[in-house]
Each structure stands twice: as structure tokens, then as C-alpha cells.
Amino acid sequence: MNIFVIRSSLLSRHINISCTYAQTFCRKHATKASPQIVSPENHQRDEKVEIRFDNSIAISLPQSVTPRSPYVLSVEERLKSPPVIPPTLQDVKKNTAGDLWTKSPMPANLQLYLKLSKIRLTSLVVVTSMAGYAMAPAPFDITTFLLCSVGTGLLSGAANSINQFFEVPFDAQMSRTRNRVLVKGMLTPLHAVAFATVAGATGFSILNYGVNELTAVLGLTNLILYTTIYTPMKRYSILNTWVGSIVGAIPPVMGWVACTGQVDTGAWILAALLYAWQFPHFNALSWNLRPDYSRAGYRMMAVTDPQLCRRVALRYTVAIAGISLLAPALDVTNDWFALTSLPLNAYFTYLAWKFYKKSDSNSSRKLFRFSLLHLPLLMVLFLFSKKRWIFLEKDDNTQKATKNISSELMDKLRLSKSETA
């Protein structure tokens, strides 16, 4: 398939695009307001033409009409003007290689950098980190809580920026990602690298000096794991989903460690819940994106092994229910968590079972949408059911101290009265 692109500032005028090659070629007639495509008579079966008007016209030609010699493109305008001859690919690379790296076609602003950091995904990472901090059985310090949230968000934004930097040629082939800022050239690779460097260094420094060293190490480990292992592995092995689940399980542990300073049983329970949740969530999402992933060359379970994709989604919804029952047994939450989370996990498992049996877009879409509701509800139930509330323990200690003081005063009064008598 040959693709020709003509860039011109005269697209507001009527132009005729013709490719002159013997008798096998067809003429394309287009205007900026209403493009019209006239299919050739002899090549209706395999003809595929795409004309875009974002400052360019792209013509896609079938292999059956590809000549041995290169095509000659000409632009004939109603106004008499010399024909526009498109530059060769070598000329384009030679003239724009430096500009594409250093110059953006539009001024960089906050909105573009938020898109570069995948702000919705980063927000989810920050929220799970906050949840881990709030669920930890230790005193709640607002300063440490905010520093942990900001540092986690900066590291997540840096990781997502590096991920987009490496995946530009693959994102351009997927309808879900082809509008990302680096793919469309809204920001240059230099902007992405600079932003990732500044955000990553700042986030690590905040966690290291404002929270504790262990939280900073966990954040840096997650960044390295996401950018150097998970990102390239997506093109080579379906094990990338398991690695990506580890990446998703670390942020709540960071919040827990920021509050308590250590990784204990509660942190492992939270990590296990987030790890297991990733599979039904992502497998259901990737099921309807199989053409995109296949086109971009990503090795996803939904593409390479659909049966395994469905089994894994069902398997880990059952695991979530088991982990929820294990939390009270390990003295992380009270028994109410096992009771209240049971209907939620049961319905999640039911949707995974329907996805496993039907394997259609409707069942996968229902499972994916409910996964977005399941996680925050499960975290809220975990929070309300946690075993130790430090501020309540402080109140109890205060009441006990008050009672002790009052009893001592009463005893002294009694002694003084008895002595007086």
C-alpha cells in the first residue's frame, strides 16, 4: 500500500489531484469542504482511499495498481499557478529531523503536559496511594499524606511520559491512541524527555526527603519496572500483563508505607487486591481492542490466546473474593469487610463468568465498566472495616487518663477527710 501526502497552504481552493501512470490510475477529485472519492472501475475490490484535510491530503493506493516506476503527483488549481511537487521522503527527513525533536507546532501548555502524563491513569494511581495511606493503622499526618500524593503523581506522570515516548510509532497505528500529543506532534520528544526527567526527579526527591526512603524506593522501582520492562515486553510476551499488574499493585503499598514506615500484612493484602483486580479490568478492556493491538504488534492475551484471556479474568475475580475473606482472618480488617464485600465480589465474579461463557463485546464491556465501580467500592469497604482507628484509640487513652486522674483526686479527698476527722 503506497501513501502519498501533499501539504499545501492553498487547500481552500478547488484542487484536482491526479496520479499519472499509464492506464491503471484513477483521478481523485476533492474539495476541502466536501471531499468526494471516485473509485476506479477496474479496482473496486481492493481500492482504499483516505483523504484528510488537517493541512494535508493523504491518498492510499492499492497494491494491485502499484507500478514498478514511482508515481508522479501533480496539483492543478483553477487559478493558474505552477504545479506543486511533493518533496521526497529523504528531503522531508533531512529538512525536519531537527525541528521535529526541538520545535513544537503549537506552544506547550499545562493541558498538553497533563495529556502527556495520562492524567486519568495518574489520578487513579494517586487515589490508590491515598487509599493505602488512609487504611494504614498509624496516625494520620496531613503533610505526609499530601507529599506522598504529590510525589506519587509526579513519578506516575514521568513513567507515562516515557511510555508514550517509546510507543509513538505503535500508538499511531491504534485508533485508541493515535490522538496522543506525541503522535500528533503537539509536543516534541524533547519536551517529553525533559518533562519526564524533571517530574521524576522532583517526585523522587519529595518522597525521599518529605516522606521516607522506603516509599521513594518503591516509587522509583515502579517507574523503572513500567518503563524498562513492561513497556518493551508488550511487543514480545503476554507476560506483560502480569508485570503490569505488579506496577498497579505498588501505589497502595507506597501509601501504606508512607504512613507506617514498613511493609506489613495489611500492605500485602492491599497489594494482592490491586494485583488481582488488574486482570479482569484489563482483559475485559483489551477484548474489544484486539484489532488495534494486533495492528500495532502488541502481544496481548486477548490477541494471542483468547481462551486464556477469559480464564484469567474469571480466575482473578475468584481470587479477589478469597483475599477479601482472608483480610479479617489475618487481623487486617474486622469481620464486616468479609460480609459486606461478599455481594460485590460475587457480582464481579458473575460478570467474569458471563464473559468467559459468551466471549462477546457486550459481556466484556459490562465486566470492564463494573471493574471501574468495583475497585473504589472495595477500597471504601476496606477503609470502614479497618481494625485500628488511631484517633479513636487516642480518645480512649485520654478518657482512661482522665478517669485515673479523677479517681486519684477522689482518693486524696477521702484521705484528707479521714485525717481531719
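Predicted model: local features only at pLDDT ≥ 70, side-chain atom pairs only at ≥ 80, totals over all residues.

Trainee: How many helices and strands in the protein chain?

Mentor: There are 15 helices and 5 strands. Of the 421 residues, 42% are buried. The accessible surface comes to about 23,400 Å², and carbon and sulfur atoms account for 60% of that.

Trainee: Now α7. How many residues does it have, and what span does it reach?

Mentor: Helix α7 covers residues 213-233, which is 21 residues, and reaches 29 Å from its first C-alpha to its last, close to the expected 30 Å.

Trainee: Where does α7 bend?

Mentor: At tyrosine 226, by about 35 degrees. Tyr226 is also among the buried residues of α7, which include Leu218, Leu223 and Tyr230.

Trainee: What covers the buried residues of α7?

Mentor: The cover includes α3, α4, α6 and α8.

Trainee: And which residue caps the N-terminal end of α7?

Mentor: Asparagine 212 does, with a side-chain oxygen 3.4 Å from the backbone nitrogen of leucine 214.

Trainee: Which residues is threonine 152 in contact with, leaving aside neighbours within four places in sequence?

Mentor: Val125, Val126, Ser129, Leu207 and Met254. The C-alpha of glycine 255, 103 residues away along the chain, is 8.9 Å from that of threonine 152.

Terms used: Residues numbered from 1 in each chain as written. Heavy atoms only, no water. Helix = DSSP H or I, 4+ residues; strand = E, 2+ residues; numbered from the N terminus. Expected span 1.5 Å × (residues − 1). Bend = angle between axes of the 7 residues up to and from the residue. Buried < 20%, exposed > 50% of the residue type's maximum accessible area, 1.4 Å probe, protein only. Contact = heavy atoms within 4.5 Å. Polar contact = N/O pair within 3.5 Å; in protein donor to acceptor, adjacent residues only side chain to side chain. Areas by Shrake-Rupley, 256 points an atom, 1.4 Å probe, with all protein chains shown as cover.
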